[in-house]
Amino acid sequence: MAPQKNFDLAIIGGGIAGLTLAIALQHRGIKVSIYEQAHKFGEIGAGVSFSPNAVQAMKLCHDGIYESFEKVCTRNQWSSKRQVWFDYLDAYGEEGEQLERGKHAFTITNSLGQNGVHRATFLDELVKLVPDGTANFGKRLKSLEQNDAGKCVMEFEDGTTAQADAVIGCDGIKSKTRQLMHGLDHPCAHPTYTHKYAYRGVVPMKQAIESIGEERAQNSCMHMGPDGHVLTFPVNHGQTLNIVAFRTTDKPWVNSDKLTAPAHREDALKDFAGYSNDVMGLLKLTNENLDVWAIFDLRINPPPSYTKGRVAIVGDAAHATSPHHGAGAGLCIEDAAVMAELLADEAVKNSNDVEAVFSTFNEVRKERGEFLMQSSQRIGDTYEWRAEGIGRDFKKVEHEINWRNAAIGDVDVPDMCKQARSKLKQKLLA
Ligand SMILES: Cc1cc2nc3c(=O)[nH]c(=O)nc-3n(C[C@H](O)[C@H](O)[C@H](O)COP(=O)(O)OP(=O)(O)OC[C@H]3O[C@@H](n4cnc5c(N)ncnc54)[C@H](O)[C@@H]3O)c2cc1C
């Protein structure tokens, strides 16, 4: 598309936030370059699922993103469960009870049901929408200056530099952009351990069915227990079952520089001893050598602002959340939609207006980012019967999930963008 604006932007990081933002901007005629530290785009081989707000945001960013998602997304395999987000199962029973099968507690539905994609496959599809020459690899951001000429000068670890009129950090939970924006000494420079960790695995569907039967293997389930929960949903068009097994601990994480550590299947089995045979059967199918993921977030120390001058942060860089709502990546895409719509607004005439765009973005996105982080931790505790005032009362658990999911998923993203644009116009036309 021919350039619609006379300024150019740099995006740091090419994960889901960076790629969806770059695609959304390019399709609005805004010049953008991506600087990614890795030597190619890449995601891990696990699943990620999207709530209804995320799917609206995909369409708004660019139809191609939504089409890519539809191409690779896997829904619950039974048509009777198409609107089921998760069947919630009591996987532990009363104290000391060993359950053969988890007991169905309740079902949570939404307008789209469960939508799982294999991360790497989805990313591969997104990459096809990024024109050649957009991405620069092996570029790990080291420093960032805003000079008197109004340019942002980026320096990378390989000694090279680049300039742009504005920079958007999409560099994830350990964002360098956030650190440079607020200083290394600011608490938000370092995410905090949530005291939950997760084993992740993908197992062939055939084996999963042999272990837990068709209904539970082919459709999304949340197995609940004390201080732990295990979620499963089908990916790869039903060929594979994605498993994430969370535990809460009071111990510190071994090394806060690394979010993963090597573990064994035996560790997972030990952690979930006493859980239903469904849970134990699934864990036995995972690889002998597993990675365990520490769940960090920015809930306790959120960044005071998502912008400073001509630099902004988007996605996990701004609001890295624990994954219990299944909405972190969805919020990245929502951010991308809002940011792209603001930058493309006809009131934005030149690079001087970008600061107003970024400050509007900060005003309209911060509360939602912070709500997601808080709510995600609360909902994770709710699944594990740890939430104060709720415990193992399944009626209350169900109610808590329903209202919180609605706050995240049942929103009108086009209207959100419209409101943001009208706020921006007020600012620019004042
Ligand atoms: C266990 C788990 C399960 C989850 N499940 C879900 C789910 O089901 N649904 C959902 O919506 N969300 C889920 N999430 C959250 C989701 O994964 C994240 O919100 C999302 O991937 C963040 O995307 P991002 O692009 O902001 O960051 P990232 O994916 O972290 O991408 C950041 C990119 O920036 C690059 N980068 C970093 N530093 C630099 C630098 N200095 N210079 C240049 N490049 C740099 C990185 O290499 C990377 O490519 C889950 C998270 C976890 C941990």
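The sections below cover the basis of the analysis, the cavity and the pocket.

## Basis

This is a predicted model, in which local features need pLDDT of at least 70 and side-chain atom pairs count only at pLDDT 80 or more, while totals for chains, interfaces and linings use all residues. Residues are numbered from 1 along each chain as its sequence is written, and side-chain values use heavy atoms, with hydrogens and water left out.

## Largest cavity

One cavity of 30 Å³ or more is present. A cavity is a set of points, on a 1 Å grid over the protein atoms alone, where a 1.4 Å probe fits but cannot get out; lining residues have an atom within 4 Å of a point. The largest cavity holds about 30 Å³ of space, a volume being the space filled by probe spheres set on the points, which are joined across faces, edges and corners.

Its lining consists of Y199, R200, G201, I243, A245, L283, T286 and L290. By class, five are nonpolar, two polar and one charged (Ala, Val, Leu, Ile, Met, Phe, Trp, Tyr, Cys and Pro are nonpolar; Asp, Glu, Lys and Arg charged; the others, Gly among them, polar). Strands β13 (192-204) and β16 (240-248) each supply at least two lining residues, and β13 gives the largest share, three residues. Helices (H or I, at least four residues) and strands (E, at least two) are DSSP runs numbered from the N terminus.

## Second largest pocket

The second largest pocket contains about 310 Å³ of space. Of its 16 lining residues, Y193, Y197, T249, W253 and V292 are the closest to its centre. A pocket is an open set with protein on both sides within 12 Å along at least five of seven lines.

At least two lining residues come from each of β13, β16, β17 (260-264) and α8 (265-271). The lining of this pocket comprises 10 nonpolar, two polar and four charged residues.
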